[in-house]
Amino acid sequence: MSFEFIKKLPTPQEIREKYPLSEELAAIKKARDEEIRKVFTGESDKFLVIIGPCSADNEDSVCDYVSRLTSIQENVKDKLIIIPRVYTNKPRTTGEGYKGIASQPDPEKAPDMVEGLIAMRKMHIRAIEESGLTCADEMLYPENWGYVEDLLSYVAIGARSVEDQQHRLTFSVMINSVYAAQHPHHFVYRGYEVETTGNPLTHVVLRGAVSKHGNSTQNYHYEDLIRLCDMYAKMDLVNPAAIIDANHSNSGKQFKEQIRIVKEVMHNRQLSQDIHNMVKGVMIESYIEEGSQKIHDHIYGKSITDP
């Protein structure tokens with residue numbers, strides 16, 4: 001396997017200077033970040049709802065969806081913090097298929113990394129402008145972080161990336177990765193020797209798993225959450241927390257099951273104070289139109305990846 005260097009990409013600083021975040025929007029992000037931080041540190045008892053499409057494939061429909069959350073957030077602001085899920089990177093198990101707007105700004109055309117980085121940044125800025133809500137994204141590639149680090153209020157690492165060493169040293173997902181990400185490290189990043197301080201807000205996202213036989217295995221039930229509480233207690237970790245992903249393997253990709261799963265999670269928080277303290281929110285996949293479509297179907301607001 002060999003590499004062909006096609007073209008040099010603009011630096012994160014160059015892209016940020018060309019597509020800047022206004023002072024007004026930066027102030028919104030600062031306030032939202034602090035509000036979300038307090039949930040993870042236990043200073044706030046508000047509950048997080050990270051919600052949005054499987055992949056953010058179209059700027060108009062994604063920003064339309066996000067804007068529809070604004071009035072809902074206002075109605076529930078005393079209890080919930082809504083974080084729109086705007087995932088611009090799409091991991092693929094085999095490497096085949098649509099890889100997200102950050103790589104492929106037009107799903108029907110060849111990948112264009114420069115235009116993808118621009119599209120990713122523009123979409124997130126527009127979402128904040130039109131909704132007043134800062135969003136969540138998945139950093140499939142750590143190198144993409146610098147292009148949007150001033151825009152995001154929540155950053156996830158997917159199931160396929162959690163065992164990657166570079167992700168483990170910069171972000172998080174499962175318990176050993178949480179330990180790694182909460183502690184300082186030296187490593188190579190973008191051609192530099194770097195040092196991280198660790199992120200004390202790093203936490204677990206439970207999305208279920210797929211067994212060696214190809215069956216979905218859930219990990220949102222009461223017993224699973226109690227076990228996670230015990231695992232946290234045995235580790236040198238601060239701010240023990242979990243977000244429950246109601247879709248993916250937890251639902252067997254049956255998206256309508258998300259309603260039942262969230263209800264069960266909320267019930268378990270009532271049964272156990274430990275679970276109540278640890279489970280800080282849920283992640284839900286949702287879009288304007290339910291279900292999924294083929295890329296060439298062009299149905300507005302309908303997912304072109306998972307339903």
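Buried here means under 20% relative accessible area, exposed means over 50%, and partly exposed covers what lies in between (1.4 Å probe, protein chains only). Helices (H or I, at least four residues) and strands (E, at least two) are DSSP runs, numbered from the N terminus. The model is a predicted one, so to speak of local features takes a pLDDT of at least 70 and side-chain atom pairs count only at pLDDT 80 or more, while totals for chains, interfaces and linings use all residues. Residues are numbered from 1 along each chain as its sequence is written, and side-chain values use heavy atoms, with hydrogens and water left out.

Helix α7 (residues 175-182) is mostly covered, with 6 of its 8 residues buried. The buried ones are Ile175, Ser177, Val178, Ala180, Ala181 and Gln182.

On to the cores. A nonpolar core is a set of buried Ala, Val, Leu, Ile, Met, Phe, Trp, Tyr and Cys residues joined through side-chain atoms within 4.5 Å. The largest has 41 residues, and the members touching the most others are Leu228, Ile244, Met278, Val279 and Val282. Helix α3 (residues 59-76) gives the most to this core, with 5 residues. A second, separate core has 16 residues, including Leu25, Ile125, Met139 and Ile157. Back at Ile244, the contacts (heavy atoms within 4.5 Å) include Leu206, Tyr220, Val265, Val279 and Met283, leaving aside residues up to four places away in sequence.

Next come the rings. Rings of Phe, Tyr and Trp (its six-membered ring) pair if their centres lie within 6.5 Å; planes under 30 degrees apart count as stacked, over 60 as edge-to-face and the rest as tilted. By this rule there is 1 aromatic pair. Tyr65 sits in helix α3 and Tyr287 in the loop between β11 (279-285) and β12 (289-292), so the pair ties together parts that are 222 residues apart in sequence. Tyr65 counts as buried because its relative accessibility is 6%, and Tyr287 does so at 11%.

Last, Thr134 is found in the loop between α4 (113-131) and β3 (136-138). Thr134 has 0% relative accessibility, so it counts as buried. Its side chain makes a polar contact with that of Ser153, at 2.6 Å. Such a contact is a pair of N or O atoms within 3.5 Å; within protein, one must be able to donate a hydrogen and the other to accept it, and residues adjacent in sequence count only if both atoms are side-chain atoms.
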